[in-house]
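Welcome to this short tour. Please open your viewer, keep the selection tool handy, and follow along stop by stop.

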Amino acid sequence: MTRGDQRDRDRAKAQKKLLEKQKSQGKEGRPEERNANDSAALAAKIEAKKKMKEAQAEQDRQAAEREQAKAAVQKKKTKKKDEGLDDLLNAGLAGSKKKGK
């Protein structure tokens, strides 16, 4: 029965060795082609980021314009009457006088 365990260990060892062998192999294709593909992918990524930054700047500009429009259309403030201290004190006293009996 110990032979079955040995087979499993040998299979695992062979799998590990095969994976290491595949890792050590170089990349596929010619280096010139890989470099061209990498530079094309990088250029596309840079272009996408540039477009995203432009869109964000446009959104920020529109938000700033909306804020300026809000500030320009403010309601007129009405001035409150300045009531003097005597007016405030006498306001509740006018009808509170008691008539004598």
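Predicted model: local features only at pLDDT ≥ 70, side-chain atom pairs only at ≥ 80, totals over all residues.

**The whole chain**

Residues are numbered from 1 along each chain as its sequence is written, and side-chain values use heavy atoms, with hydrogens and water left out.

Now switch to a cartoon view. How many helices and strands does the protein chain have? You will find three helices and zero strands, in the order α-α-α along the sequence. Helices (H or I, at least four residues) and strands (E, at least two) are DSSP runs, numbered from the N terminus.

What share of the 101 residues is buried? The share is 0%. Buried means under 20% relative accessible area, exposed means over 50%, and partly exposed lies in between (1.4 Å probe, protein chains only).

**Stop one: helix α1**

The structure holds six salt bridges, and this tour visits some of them. A salt bridge is a side-chain nitrogen of Lys or Arg within 4 Å of a carboxyl oxygen of Asp or Glu.

Select Arg11 and Asp8, whose side chains meet in a salt bridge at 3.7 Å, N to O. Both belong to helix α1 (residues 2-24), where being three residues apart means a separation of about one helical turn. Arg11 is exposed, at 55% relative accessible area, while Asp8 is partly exposed, at 46%.

**Stop two: helix α2**

Next, select Glu58 and Arg61. Their side chains form a salt bridge with an N to O distance of 2.3 Å. Where do these two residues sit? They lie in helix α2 (residues 31-72), three residues apart, about one turn of the helix. Glu58 is partly exposed at 33% relative accessibility, and Arg61 is partly exposed at 40%.

Arg30 is exposed, at 51% relative accessible area, whereas Glu33 is partly exposed, at 41%.
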